Amino acid sequence: MNRYRRFLLPLALLLPSIGLGLIWLQTERLSHQGTDWDVPITGYDPRDLLRGHYVQFRYDWPAVRENEIPTWSGSRRNLCITGTSPRIERAELQNSTRSGKEGATPGCDATAKVNPWSEEGDDGLVRDRIYVPQQSARDYQAKLANPQLQGIVRIRINTSGFITPLSLSFRPRRGGNTNREPVQ
């Protein structure tokens, strides 16, 4: 038994590291799955010094008022998104189907759910934030302050229905259609 102890101790110490590595690989793989969508944003604070180099914003979902969107995970309400990725044609609230299946609900091209682990610690459907590199901060700040430009956040909705902000771009504001292709 003493002879095997030399091999069992390093193995016992190595197993948790292997487990954490496998969990990390699975999380990394899942983070690249889902559908990307472009969502107009409003109400940004480009340089909140207490939060570093993040742009904080509110999603401006087409045809949904902010006060209608659920902000807690037990609400049993989801945001049903229809359109052709990345262009959203319509977003509407629906009662969630508790069938246990992940992904979009019938009639929706994507389903966004309240995320209790959102960066804003709130919901992830109303407010969120995205990292801005320091060397680009002044450019982003000027574009966010320009009333002739509309901020657009490209998001990914994963198979669990949670939103991840990916990138920030801008397009000229025009009346009517809010989902034209963004310009950098």
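Author: Gladly! Let us begin with pairing: two strands pair if DSSP finds at least two bridges between them. Helices (H or I, at least four residues) and strands (E, at least two) are themselves DSSP runs, numbered from the N terminus. Here β3 and β4 pair in the antiparallel sense over eight bridges. They form a hairpin with two residues between them.

Reader: Before we go on, what kind of model is this?

Author: This is a predicted model, in which local features need pLDDT of at least 70, side-chain atom pairs count only at pLDDT 80 or more, and totals for chains, interfaces and linings use all residues. Residues are numbered from 1 along each chain as its sequence is written, and side-chain values use heavy atoms, with hydrogens and water left out.

Reader: How do I read pLDDT, and where is confidence lowest and highest among the elements?

Author: pLDDT is the predictor's confidence in each residue, from 0 to 100. For this protein the mean is 78, and 76% of the residues reach 70 or more. Confidence is lowest in α2, at a mean of 83, and highest in β7, at 93. Over residues 176-184 the pLDDT is below 50. In the model, that stretch has 27 contacts beyond near neighbours in sequence, a contact being heavy atoms within 4.5 Å. Where pLDDT is low, the predicted coordinates should not be read in detail.

Reader: What happens in the loop between β3 and β4?

Author: Most residues other than glycine have a negative phi, and most peptide bonds are trans. Pro86 lies in the loop between β3 (77-84) and β4 (87-95), and the peptide bond from Ser85 to Pro86 is cis, with omega near 5°.

Reader: How many disulfides are there, and which residues form them?

Author: A disulfide is a pair of cysteine sulfur atoms within 2.5 Å. The structure holds one: Cys80 and Cys108, with their sulfur atoms 2.0 Å apart. Cys80 lies in strand β3 and Cys108 in the loop between β4 and β5, so the pair ties together parts that are 28 residues apart in sequence. The link is left-handed, with -120° about the S-S bond. Cys80 also has a bridge partner in β4, namely Glu92.

Reader: Are those two cysteines buried or exposed?

Author: Buried means under 20% relative accessible area, exposed over 50%, and partly exposed in between (1.4 Å probe, protein chains only). Both Cys80 and Cys108 are buried. Of the 184 residues of the protein, 36% count as buried.

Reader: How do I see which face of a helix is buried?

Author: An α-helix has 3.6 residues a turn, so residues three or four places apart point the same way. In helix α2 (residues 137-145), Ala137, Tyr140, Lys143 and Leu144 are buried. Seen down the axis of α2, these buried residues fall within an arc of 130°, so they line one face of the helix; the arc is that of the directions from the helix axis to the C-beta atoms. On the other side of α2, Arg138 and Ala145 are exposed.

Reader: How many residues of strand β7 are buried, and what does β7 pair with?

Author: Eight of the nine residues of β7 (residues 149-157) are buried, so this strand is largely enclosed by the rest of the structure. Nine bridges join β7 to strand β8 (residues 163-172), and the two run antiparallel. Val153, for example, has Leu168 as its bridge partner in β8. The hairpin of β7 and β8 has five residues between the strands, and there Gly161 takes a positive phi near 90°.

Reader: What about residues in loops?

Author: At 37% relative accessibility, Asp60 counts as partly exposed. Leaving aside residues up to four places away in sequence, Asp60 touches Val39, Pro40, Ile41 and Thr42. Asp60 and Val126 are 66 residues apart in sequence and 8.1 Å apart in space, C-alpha to C-alpha.
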